Amino acid sequence: MRNLIPFSSLNCRMSASRRKFVQQLAAVPASLWFFAGANAPGWSRNDQFAKHVKPARLQEGDTVGLISPSGAIYESEPYEVAIEILEALGLEVKLGKHLFDRYGHLAGKDEDRAEEINQMFRDDAVKAIVCLRGGSGAARILDKLDYKAIAAHPKIFIGYSDITAFLLAIYAKTGLITFHGPVATSEWNTFSSEYFKKILFEGGPVLLENPPKGEDELVQVENRTRTIASGQALGVLAGGNLSVLAGLVGSGYLPDWKNKILFLEEVGEKIYAVDRMMSQLKLAGVFDELSGFVMGRCTRCHPGDGYGSLTLEEVIDHYIKPLGIPAYSGAMIGHIGKKFTVPIGLKAQIDADKGTIKLLEGAVI
């Protein structure tokens, strides 16, 4: 999507040397950058860039574990639909022992939810773990996960929203690439299903690109992207739900942010709350060494009560433009019907002018 505002007016305050570095790095052919590995320009041998672990790809007939590690579901039909969806993808489904538990607003007691994740990772017959839903409560059990067992039995782990806590903690503690994508109760339309299969079954490099305009539309109206700061950036993808991520600051369950492309999404938060959480990330140094930024969707993020409000665009621009890194918003990430599957821990290149994320290699083996 073209930028409606001339880049010269964006007032991005990148130093000349840093701008030159980003441009030179983005100009390196993807193939050379891939093979250079940890020795590529700007990358330290100690970076997590060199430490990621890829899970095995899915194949038709594989068994996947279905778990509910966060919030509870109060009706039976979502369980039935979730199982049918996974079966329609050609997968066998193993139900977690505590899948139907409920403890207040949580889908079971902390110890049981944690042990269910641990057991699914230890079970070599289970090739992937799919979360039933998000909700809340993931952070309560991060200290109860068996990260040694997870590292010893790497496999696909996918979800979004509150599941962000698991995705980031597992990646930070083990280097295992995790996946911010549909939960089993998501809307599994063609767009979401195709990205899920391309990334987790086929396993090749993939371009994450918003749906094009309809044939009868003169210009793109829905699913637009907006350039925050022009350019291309190389980095390692990491991120997820803003409020969940912000809640983990200082906990030891987040990766380092050097040379990362941070992506964020949110739902149901007032704009002043989004501003507060972005401020928290800034003060914690999360933004200091990023190579790029992608804002997904902030669904139902409206002004709160009071005398007025900044717009969501003003809030995001306030924190991101001064970084002087390529950035855009509007990616199909978040609490929306059509969504990408985004690997956390994988090398990628973003194009802030086109509004795309290019995965430079397969996320599975």
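**Close-ups of a predicted model**

**View 1. Arg226 and Asp317 join their side chains in a salt bridge, at 3.0 Å from N to O.** That pair links distant parts of the chain, with Arg226 in strand β7 and Asp317 in helix α10 (residues 312-320), 91 residues apart. A salt bridge here means a side-chain nitrogen of Lys or Arg within 4 Å of a carboxyl oxygen of Asp or Glu. Helices (H or I, at least four residues) and strands (E, at least two) are DSSP runs, numbered from the N terminus. Before we go on: this is a predicted model, where local features need pLDDT of at least 70, side-chain atom pairs count only at pLDDT 80 or more, and totals for chains, interfaces and linings use all residues. Residues are numbered from 1 along each chain as its sequence is written, and side-chain values use heavy atoms, with hydrogens and water left out.

**View 2. Asp317 also meets Lys321 in a salt bridge, this one at 3.9 Å from N to O.** Asp317 counts as buried, at 14% relative accessibility, and Lys321 is buried too, at 18%. For these labels, buried means under 20% relative accessible area, exposed means over 50%, and partly exposed is in between (1.4 Å probe, protein chains only).

**View 3. Asp110 and Arg140 form a salt bridge, with their closest N and O atoms 3.0 Å apart.** Asp110 belongs to helix α4 (residues 110-122) and Arg140 to the loop between β3 (126-131) and α5 (147-152), so the pair ties together parts that are 30 residues apart in sequence. Asp110 is buried, with a relative accessible area of 12%, while Arg140 is partly exposed at 42%.

**View 4. Phe121, Phe157 and Phe166 are linked into a cluster by ring pairs.** Rings of Phe, Tyr and Trp (its six-membered ring) pair up if their centres lie within 6.5 Å; planes under 30 degrees apart count as stacked, over 60 as edge-to-face and the rest as tilted. Nine aromatic pairs turn up by this rule. For Phe157 and Phe166, the ring centres are 6.1 Å apart and the planes sit at 65 degrees, so the pair is edge-to-face. Phe157 is buried, at 0% relative accessibility, and Phe166 is buried with 0% as well.

**View 5. Helix α6 (residues 164-174) is mostly covered, with nine of its 11 residues buried.** Among the buried ones are Thr164, Phe166, Leu168, Tyr171 and Thr174. Just past the end of α6, Gly175 takes a positive phi of about 80 degrees.

**View 6. The charged end of Lys173 sits over the ring of Tyr253, 4.9 Å from the ring centre.** To count, NZ of Lys or CZ of Arg must be within 6 Å of the ring centre and within 35 degrees of the ring normal. Lys339 has its charged end over the ring of Tyr160, 4.6 Å from the centre.

**View 7. Leu218, Val219 and Val221 make a nonpolar surface patch of about 350 Å².** Patches are made of residues with over 30% relative accessible area and no salt bridge, joining like charges within 9 Å and nonpolar side chains (Val, Leu, Ile, Met, Phe, Trp, Tyr) within 5 Å. Accessible areas come from the Shrake-Rupley method with a 1.4 Å probe, and for residues, only the protein chains shown count as cover. Val221 lies in the loop between β6 (207-209) and β7 (226-229), and Val221 is exposed at 57% relative accessible area.
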